[in-house]
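The following exercises concern a protein structure and are each followed by a worked solution.

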Amino acid sequence: MPKKIRHMDYVLFIPYLILCGIGIVMVYSSSSYVATGNGSSPTSYLFRQLVWVLGGLVITLFCMNLKIDYFKRTKLWGILGFAMLAVLVGLRLFGQSINGAAGWITLGPMSIQPAEFCKFYLIVYLSSMIAQRERRLGVAKLRDLNAQLMMLGAMIVLIVIQPDIGGATINLAIAAVILFASGMSYLYGVGIFVTAAVGFEWVLVPMMSRLPQSVLANSYQLRRFLGFLNPFTTASGAGTQLVNSYYAISNGGLTGVGIGNSLQKRGYLPEPNTDFIMSITAEELGLLGVLLVMGLLLVIVGRMIYIGVRSNNTFNTLVCYGVAAYLTIQAFINVGGIVGLIPITGVTFPFISYGGSSMMVLTLSLGLVLNVSSLEQISRASAVRQES
């Protein structure tokens, strides 16, 4: 048995398996009506999700057992970065548009979302570049990463103009967490975020609420934003998603109506197996079911932070923080959207929502953290043996 498998971090691995199991059940429950309405088998999404989950498990174990040095090859990741930029430019020009965003590449029976892979790329590339600069210069500063930050900034801009505001926000948050955790000056970054928040609240929200209906009618994203501002006054149009999400959550109560018994998935709530799967989860499993899902994800995130804090290796620490930020921000944006805290952006919930691109990137990220965790455990076990 490989040494890393013997040092598997089950505090990460078991909650991941449980979340995937819950996700399979909820994808089947939430998608059966949609699949039937599309002329497919009620189990069509179930079988696809099973494939993605099993494939993701293989990816997790492969990534865990890969030599960690492969993730530190900055020149290789730099080349991949230019390839990623070319793909994002091509998407804007020729990509398949789904829900108003040209962010998909169709490969036979499946569609790939390259913006999802930017999250993993960003975590690995930034962490490896900062660790390399630190080894060389003793400390990494923002000015040492000008070229890398320009590349990452270009990626985020290209994701924004797809438009994919949710994906861009997650990528930006990951970059911010990694940069701040590296020990660089945080004042500049805090200033940017404060300015963006003030601009959103005082400028963008009032301006969007005054746009004429003729403009809103031609923009899927603007309609979603209007639905966030006034969900019940636009319940028959832009606000229908959020209002029906409220109904689903309200119907569920504490213990839910039971698996398979959701009313809102029956043509009322769009995307019940992806963007709004947590609304269906709240309706069928109730608040207790949602708390179970959130608790399992919290265990994973908390464990990643713990591993990062205990590590003395800069790359390992930043990877753990970056993946923890990825999971946290993505979950917050998804749940925040379905409860009306923030505009709905089409972001999926980690390990629960249907989707191949999302599952591949999540399992890549988890596999890398499991790799780091096993190395840390092996290192500590070796140190204990030497002391004794």
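**Exercise 1.** Which residues line the second largest pocket?

*Solution.* The model is a predicted one. Step 1: list the lining. The second largest pocket is lined by Ile249, Gly253, Met278, Ala282, Gly286, Leu287, Val290, Met294, Val335, Ile338 and Val339. Helix 12 supplies the largest share, six residues. Step 3: sort the lining by class. It has nine nonpolar residues, two polar and no charged. Step 4: state the volume, which for the second largest pocket is about 200 Å³.

**Exercise 2.** Determine whether helix 11 and helix 12 are roughly parallel or roughly antiparallel, and describe their contact.

*Solution.* Step 1: take the angle. Helix 11 (residues 240-252) packs against helix 12 at about 20 degrees, and the two axes are 6 Å apart. Step 2: apply the cut-off. Angles under 35 degrees count as roughly parallel, and therefore helix 11 and helix 12 are roughly parallel to each other. Helix 11 passes helix 12 in a left-handed crossing. Step 4: name the residues. Helix 11 contributes Ser245, Ala248, Ile249, Asn251 and Gly252, while helix 12 contributes Ser279, Ala282, Glu283 and Gly286. By class, the contact of helix 11 with helix 12 comprises three nonpolar residues, five polar and one charged.

**Exercise 3.** Determine how helix 2 and helix 3 are oriented to each other, and state which residues meet.

*Solution.* Step 1: take the geometry. The axes of helix 2 (residues 10-37) and helix 3 (residues 44-65) cross at roughly 160 degrees and come within 8 Å. Step 2: apply the cut-off. Angles over 145 degrees count as roughly antiparallel, so helix 2 and helix 3 are roughly antiparallel to each other. Helix 2 passes helix 3 in a right-handed crossing. Step 4: name the residues. Among those of helix 2 in the contact are Phe13, Tyr16, Leu17 and Cys20, and among those of helix 3 are Val53, Gly56, Leu57 and Thr60. By class, the contact of helix 2 with helix 3 has 15 nonpolar residues, five polar and no charged.

**Exercise 4.** What is the handedness of the crossing of helix 2 and helix 12?

*Solution.* Step 1: begin with the packing. Helix 2 and helix 12 pack at an angle of about 160 degrees, with their axes 10 Å apart. Step 2: classify the angle, which makes helix 2 roughly antiparallel to helix 12. Step 3: state the handedness. The crossing of helix 2 and helix 12 is left-handed. Step 4: sort the contact by class. It has 20 nonpolar residues, three polar and two charged.

Key
Residues numbered from 1 in each chain as written. Predicted model: local features only at pLDDT ≥ 70, side-chain atom pairs only at ≥ 80, totals over all residues. Heavy atoms only, no water. 1 Å grid on protein atoms, 1.4 Å probe; cavity = no way out; pocket = protein on both sides within 12 Å on 5 of 7 lines; lining within 4 Å. Points joined across faces, edges and corners; volume = space filled by probe spheres on them. Helix = DSSP H or I, 4+ residues; strand = E, 2+ residues; numbered from the N terminus. Nonpolar A, V, L, I, M, F, W, Y, C, P; charged D, E, K, R; others polar. Axes fitted to C-alpha atoms, helices over the stretch in contact; angles between N-to-C directions. Parallel < 35°, antiparallel > 145°, perpendicular 65-115°, else oblique. Left-handed = near helix turned anticlockwise from the far one by under 90°. Contact = heavy atoms within 4.5 Å.
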